[in-house]
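Morning, everyone. I'll walk through one structure today, chain by chain. Have a look at it first.

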Amino acid sequence: MSTTNYIGKPTSRVDGPAKVTGAATYAAEFQVPNLAYGWVVSSAIAKGRITKVHSEEVLAIPGVLEVFSHENVPSLAWFDRNYKDDVAPGGSPFRPLHEDKIQFNQQPIALVVAETLELARYASSVLRIDYEEEKHETDIEAKRDEGFEPGNGKSGWMPPPPPRGNPDKAWEEAEHRLEHEYVHGAQHHNPMEMFGATVEWRGDKKLTVYDKTQGVVNVQNYLTKIFGLSKDDCRVINHYMGGGFGSGLRPQYSVFLAVLASLELKRSVRVTLTRQQMFSFGHRPHTLQYVKLGTNPDGTLAALQHHALHETSQFEEYTENVVNWSGMLYQCENVKLGYQLAKLDVFTPQDMRAPGAATGSFALEVAMDEMAAAAGIDPIDFRIRNYAEEDQNAGKPFSSKRLRDCYHQGAAKFGWDQRNPQPRSMRKGNRLVGYGMAGGVWDATQKKAAAKATLTADGQLLVSSATADIGTGTYTIMTQIAAETLGLPLEAVTFKLGDTDMPEAPVQGGSWTAASVGSAVKSVCEAIGEKLLKLAQKMEGSPLKGASPDEVEFVNGQIRLRQDPDNAVVIRDVLQASGETKLETDSSATPNMLKQGTHSMHSHNAVFVEVEVDEEFGTVHVTRVLNAVAAGRILNPKTARSQVLGSIVWGISMALMEETIMDHQFGRYMNHNYSEYHIPVQADIHDIEVLFVEEEDDVVNPLGVKGVGEIGLLGVAAAITNAVYHATGKRVRDLPIYLDKLL
Amino acid sequence: MNPFTYSSATAVEDAVRDNASHEGAAYIGGGTNLLDLMKENVARPTHLVGLNKLPLTSIEPTPEGGLRLGALATNADTAWNEEVKRRYPLLNQAILAGASPQLRNMATNGGNLLQRTRCYYFYDTATPCNKREPGSGCGAIGGFNRIHAILGASEQCIATHPSDMCIALAALAATVRVSGPRGERTIPFEDFHRLPGTTPERDNNLEPGELITGLDLPAKGFEKNFSYLKLRDRNSYAFALVSVAAALELDGDTIKDARLALGGVAHKPWRDQEAENLLKGQPATPETFARAAAKVVESAVGQGSNNFKIELARRAIVRALKQAAEGSQHASDVFLNSNP
């Protein structure tokens, strides 16, 4: 019997106690001596020029150390490529304090550094800035006809595949047809923890940078390229993150400004942003989508067309995969997908949980519901009639796809058969009741990642990788993988992350960390295991002599023969017998392109929702949600469930509440605080159930995992929209579904 | 936030004197709104007079048979007070519909009356606002005004008063007790808050340096037939799009006395006595309620994004009166989610 099987077992967060006791230290909390404080001054206009920064008035205040602005920033790297971080989109990256030009509202235009935080804040509030305003355009409605197809997008972006079949003719000739526009506004990530960086000046241009980021390596690359630092002199650390959701994929201007000030003042500097400033950078872009569907008399799709237009900045071409999913999720021979950007005077959008897919699946899955209703077919039945057995975009089979089981198991558990298909047919007192469903698809990606492992003579294993844990449970699953691979108790394993002194790992995003870093951790632990076996075989009278690595297993703190488990050696004894104080090695895991290249690799889900809507007031309550997810092997059902729960709450938010409201007179977001940018509170969340559909996949990666960080969000907003239609008979196609849209 | 000095008073007269002796001073109780305003540079007091040591936390009967709420009793202590729950359950419901438990634990009764509007433009110093900076203009008119006023607005300001508690106080016809440099006085609740007119910078009729010391509730509490109905974008920690405090005194099916006040629709708690008169002496029927509702929204004007509030208010009034007539709401110890 094995007591060291951890993979697939619900396991509490190993970092939980540190977080709830306050022992976990976040970027802006590190205590360093002789710290100065920077406060960012944000532009009050959307477009124009700064004609004067009245620094002298502020510098006269005792305790104010410096005012940095374009007027006095030293000469830094010249070329755009130096400012391009690892996940930058095409175009010219924004350079803080680089010039007098203002390109978006709330643009950082000065940094006031003072001896105390309070003084820096006060001084920044009285810093006068003179502007020369220019006419701005922040409304995508004005750019409907000026959409363009992006050039080279950021890594991971795929232009839509070329049309297949004859989508226009097929649509014209279809039995049932629909065409509608679907819209959602800008949304901001709003993690609880504000962006901030503490830069410790270690003398002579040597820095330790504690930064809020989803990728310390990305930040290090960015800073060293701009400020001409060597990597040895610019160590970047992030052990804990109070939420990221994609906002921390790119280096934030807070870390740029803190490093700039530190190098200039030759002392340690901290810069933290305010909640309002959390609305001054990347966001899920305001997107207009147009969907045309046509069906044959048998309920199969005759034609599918999906076009998206979303905002980007004037200086970068932000791209995300919005429409591609529509060519993949359903079987259809006549498909046309389009994707365009429009430049506005705003900051560049930024990946936000399930970027593109959350947007695209909303439009597609509401349109599918509309078509099911028009054709008189149950929405689940309609989807199964159009089930894609292979990825038609790529012309490849799926490595695994248990979406059908998501539909069936989810429907059964939810009680879909209790649904009267007629809209407005179910009610409870003043409330109309509706059931809706939708689904989605997300990438299963593995990226190259490395890890290091050290096993000491006391039987303790330390594993590290420069990855991040943005709250997803990385610490925990990596500890599980390492412990199981070497047959050690969880308590004997420590996993560390978030430090550029550790082996390199990609930014944490795209749901690829479990697959990528997990494979590296497995690989490095296997390498330690091989070393252990060799040492064990040298022990006097070793029962493992002559055994190949395949013939032994690491279980319960022992190395033993698979065929004869009684022949075993205790791992701690091996090191002690060998006289070695420790075994150490590093290893990286790269995707097996040979295996993966021939398959399309994705996770899938189906979401079922019950809503109650007050008939007279249009207030929507999401009373039940069931999310059935097929995402390969689930390493830790407890943290994985938490991921999906969080996604569902976010989906409710996207459907009913979330929208960053731009006043186009001022080109400025107006609800830039937690009070008016609404996300759900406890009272908005009711019964939620997560169902993981078993799915085996030996193609995606050695662990068989697909990642669960994003798949849970897909289809949630659409399912709610569909349930609201079922309850009320009203079809809302622009999110969020405020009560006024149902009056 | 600008630099400021701080003192703490232990007697009302000292607080008033201290306030008067500092140019640009402000009183601070729970600080749940003022501190935010200071951080945003909307309020820039140079001196704060701390009130939390003043002996104004009690809730006691008045000689007239009513109840006196100390200005420094917290919103939470007021809502949970046994007399409030028994005699003024409308007030209990309204308080619990507002803010969050954490805020209600800090916020005081006096401060509740003085909280500023939540208009986006008022809070953002990069935009014009006649309330924050008289004469600078109004960003909300012609801007994003989904949460703004439909009643009693002016060309200078369309902001709304954000309180829930005050809507119940308006319906209950409370009296505000104040102390100031010129002594003590009382202000009927209806006359406490102002409409914006040409002076939107003034939210209320307090004279400079005056301090709220308490609130007197009259004997009549409408404890049998009342309703506080709040419609908002999420089920807690959101300001009202429209809220309605309805209170009825019934004689069989006939309405003997009625109170009707709305929140989220005007620069002040909007009590409509004409609508109340349409209810009095009438049978408690949907038709009667609809007439009163029509009266309230008769003069309502939308600003664009908030046009929906007119119909929403009409429907909310009818529902609240119906709930009040049914006697279906009760004071709660735990805030049960009574959102429609």
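A definition to start: helices (H or I, at least four residues) and strands (E, at least two) are DSSP runs, numbered from the N terminus. Now the ground rules. This is a predicted model, so local features need pLDDT of at least 70 and side-chain atom pairs count only at pLDDT 80 or more, while totals for chains, interfaces and linings use all residues. Residues are numbered from 1 along each chain as its sequence is written, chains are lettered from A and ligands numbered from 1 in the order in which they are written, and side-chain values use heavy atoms, with hydrogens and water left out.

Chain B, then. Over residues 1–222 of chain B, the chain is 28% helix and 17% strand. The end C-alpha atoms of that stretch are 44 Å apart. An unreviewed UniProt entry places the feature "domain: FAD-binding PCMH-type" at residues 1–222 of chain B. UniProt positions are in the numbering used here, feature names are shortened, and annotations may be inferred rather than shown by experiment.

Move along to strand E11 of chain B, residues 254–263. Is E11(B) buried or exposed? Eight of its ten residues are buried, so E11(B) is largely enclosed by the rest of the structure. Buried means under 20% relative accessible area, exposed over 50%, partly exposed in between, with a 1.4 Å probe and protein chains only.

What does E11(B) pair with? Strand E10 of chain B, residues 242–251, runs antiparallel to E11(B), with nine bridges. Two strands pair if DSSP finds at least two bridges between them. Leu248(B) has Ala258(B) in E11(B) as its bridge partner. E10(B) and E11(B) make a hairpin with two residues between them. In that turn, Gly252(B) has a positive phi of about 65°.

E11(B) also pairs with strand E12 of chain B, residues 270–271, antiparallel over two bridges. Here Leu262(B) partners Trp270(B) in E12(B). That is a hairpin too, with six residues between the strands, and Gly264(B) in the turn has a positive phi of about 75°.

Cysteines next. How many disulfides are there over all chains? Zero, from a search of the whole structure. The cut-off is a pair of cysteine sulfur atoms within 2.5 Å. Take Cys157(B): its closest cysteine sulfur is in Cys138(B), 6.1 Å away, too far for a bond. Cys157(B) is buried, at 5% relative accessibility. In chain A, Cys332(A) is buried as well, at 1% relative accessible area.

On to chain A. An open three-stranded sheet has the order E5-E2-E7, with antiparallel pairing. Strand E5 (101–102) and strand E7 (129–133) are the edge strands, each pairing on one side only. Strand E2, residues 48–53, joins E5(A) through two bridges. Gly48(A) stands opposite Ile102(A) in E5(A).

Last, the interface. Which residues meet? 39 residues of chain B are in contact with 35 residues of chain A. Contact means heavy atoms within 4.5 Å. The two chains bury about 3,300 Å² between them, 58% of it on carbon and sulfur atoms. Buried area is the accessible area (1.4 Å probe) that two parts lose on being put together, summed over both. Arg234(B), Arg315(B) and Arg319(B) supply 20% of the area that chain B buries against chain A, more than any other three residues.
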